[in-house]
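I opened this model to look up a few things and note them down. The entries below are in the order I took them.

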Amino acid sequence: MGKFSTTIERSTSSKSATTPSTNSDKTNIAKTTSPTALKDTTNNTRIRKPLTHSKGSMMKNTTTPSNATTMKSKTTVRPQSTSIRPTLNNTTTLKRKSSNDMSLANRSKTSKMSNTPSSRPRTATPTSTSKGSTTTSTNKGERQRPAWDLRGKIDDLSLEATNTATETGSMVDLTKELESQVGTAASELRQMKDRVSELEARLKAKQSQCQEAMDRLDQQHAQENRPLEEFNRQYEQKHHEITTELQDLRSKTATLLQEEERERQENAHLKIVLESATKKLFEVETELTDRTKKLQDTDSTLMEKQQILEDLTARLKWTKKRQFDIDSELLESEKSRRKLHNTLQELKGNIRVFCRMRPSLTSERTHEGALAQVSFGGEQENGGDTMEFSEQVATSMVTNKTTTKTYPFSFDKIFTPQHGQKECFEEISQLVQSALDGYHVCIFAYGQTGSGKTFTMQGPSQGGTDTDSMGMIPRAVHQIYQVAQRLSDRGWKYTMDGQFLEIYNETIHDLLGDASEYGKKKHDIRHEKNGKTIVTDMTIVQLTSPSKVKSMLHKANQNRATGATLLNERSSRSHSVFVLQLTGHNETTGERTSGVLNLIDLAGSERLTSSGATGDRLTETKAINKSLSCLGDVIQALANNKEGSHIPYRNSKLTYLLQNSLGGNCKTLMFVNISPLTEHFKETLCSLRFATKVNSCKIGTARKIKH
Ligand SMILES: Nc1ncnc2c1ncn2[C@@H]1O[C@H](COP(=O)(O)OP(=O)(O)OP(=O)(O)O)[C@@H](O)[C@H]1O
């Protein structure tokens, strides 16, 4: 069947279903509690409306009964099914309606088109032909009425118009019927709404009742549960406590287990330590036993030794006492010896002469016979020493025979090359003591150049630091310093003022002054009535400590070097005089002393003839010889010892300077320094002869200077 026939079926079924559907709808509404469902029903009702406009309904009369029955049975089911369709809004419904109307119109149009005269070839029977031809002409291109069959076409049109009129009438009926249905439905709807409202009210009431019942139940439940909750709370608390306690217990147990493990390990360790300690203890005990035994042995030895020590201590005590007795005896003996010696010196005079031969230097021992033949004798009865030089002298020029000629000498003391500075100083230390006691002491060093005068007076020219080689000047200062310290216990206070001057070519120079002033200042000699000798503009150094002597000598040597030239070695060509003024004051007794110690390094005593000097050197030599000759003259004059006789001090600067240190009030010592070399033998003989001359002088008894 084509589309058109389907449409007929639908319209038929909808029409036939209209009445029964009302009942069934009602039943459905009653069952449905939702207003929405009701709406849907209404909508469905509306939806069904276009179905009544279908061509099918118009064709109802032409349909066979059997078909109608079938359709009816089909449509009765539809309202039920539509009642449970989803809700459609009015707009949708209208749209559907509109679209259905449109489809109806189209169908009508199509129907019209299919009934045009063009489909002329159709059968002449309008009803059956029309239906069959229309259907076929529209859809399958069935045979159409020929163009020339206008009559047929008009017939078709009139038939169609009749059909349309019939259809329109049916439509009006249908509309009316539908309107009536709508009214009924509206009334039903209102009833339903009322019913719904009523039901809703009842529902609300029931809900409220339910809520109240629920509240009551809740309250009851709460009341009933309160003890249970309390119990539950207590239970939980208890549970918590027990759990906590349990955890504590577990943790304590774990700690205890750990401690136990640790103690176990410690015990094991202690066990090992104990074993080791026990072992050591045993060893120590063994050692202790050994040592105790040894200690006992040592104790007995110690006791023996203590006994020995006591014996030794007793013997030492006795020895010390004996030593003290001997020392006392020795001191007494020494005192007696000094007294005797002093008496001897006084008998001999207060001028003493020491001879000192220096050792030969390595460079001087070049050949056999380089050293002069000399023998040193022992101590004489009068306390002096002897020495004897010898030389081979030709007796005949023809036979070339020689004989040994000897030159004996004796002096208060003779120092061989083997004697050191220490021995020399021991001999003169008493003179230094005399200076401290208030005497004027004068110590000369006389001899040719290079014979060892400076070495004797100051020490090595290189300024050696060893105390063994220290000369007479530093030793004298050391001794004075030490004695002054010792005498301070007995109330003595000493001051030591040092001056160092040089007499060169009969001019005085200050060796301790500023180097730039050296040789520029004029210094005069003044003798005061109290016996003091003053040299003007001289630098005076307070020797507060022995170390100051060293720096003083260094300064003097520096100044001397300033005045030296290549051809003129100043130390050999000038006299250097170190003057030490010693002033003592005893605060206890009020006693005062003022001694002077003159330490003089004379210029070289070469003979003018043998030196072969000319020019400036000749002048120097003349000056030196003159001053040395004057010194001899002064000593000679003093030796003559004639009261009031003239002493030629003023003949030279040296003797004038030493005026208060040479003579009856003074103690004089002369070192005659000699060389050991054969080549210097003649000069040595000259020096020794001069010294012998001095040594033979008796100046008289020295007296303390009184202030
Ligand atoms: N007793 C001694 N022991 C060791 N060496 C000495 C001794 N006496 C002198 N000499 C050395 O001999 C050399 C000459 O000595 P020194 O300069 O003292 O002679 P001098 O007589 O002072 O000479 P000058 O008149 O030229 O000053 C120096 O090198 C010195 O060190």
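Entry one: what covers helix H8. I looked up what lies over the buried residues of H8, and the cover includes strands S6, S12, S13 and S14 and helix H10. H10 spans residues 472–487 and S14 spans 666–674. I noted that the model is a predicted one. The buried residues of H8 are Gln-421, Ile-428, Val-432, Ser-434, Ala-435 and Leu-436.

I recalled the rule on helix turns: an α-helix has 3.6 residues a turn, so residues three or four places apart point the same way. Ile-428 and Val-432 are both on the buried list.

Entry two: the form of H8. H8 covers residues 421–436, which is 16 residues. From its first C-alpha to its last I read 21 Å, close to the 22 Å expected at 1.5 Å a residue. Where does H8 bend? I found a bend of about 40° at Glu-427. Just after H8, Gly-438 takes a positive phi of about 110°.

Is S13 mostly covered or mostly open? I found nine of its 10 residues, 592–601, to be buried.

I then looked up how S13 pairs. S6, residues 440–447, runs parallel to S13, and six bridges join the two. As an example I wrote down Val-441, whose bridge partner in S13 is Leu-597. S12, residues 575–586, runs antiparallel to S13, with 10 bridges between them. There I wrote down Gly-584, whose partner in S13 is Thr-593. S12 and S13 form a hairpin with five residues between the strands, and Gly-590 in this hairpin takes a positive phi near 80°.

I read 16 helices and 14 strands in the protein chain. Of its 707 residues, 27% count as buried. Last, I looked up contacts between residues at least 6 apart in sequence, and 74% of these join residues at least 24 apart.

Conventions: Residues numbered from 1 in each chain as written. Predicted model: local features only at pLDDT ≥ 70, side-chain atom pairs only at ≥ 80, totals over all residues. Buried ≥ 20, exposed ≤ 12 C-beta atoms within 10 Å, placed from the backbone. Helix = DSSP H or I, 4+ residues; strand = E, 2+ residues; numbered from the N terminus. Pairing = 2+ DSSP bridges. Expected span 1.5 Å × (residues − 1). Bend = angle between axes of the 7 residues up to and from the residue. Contact = placed C-beta atoms within 7 Å.
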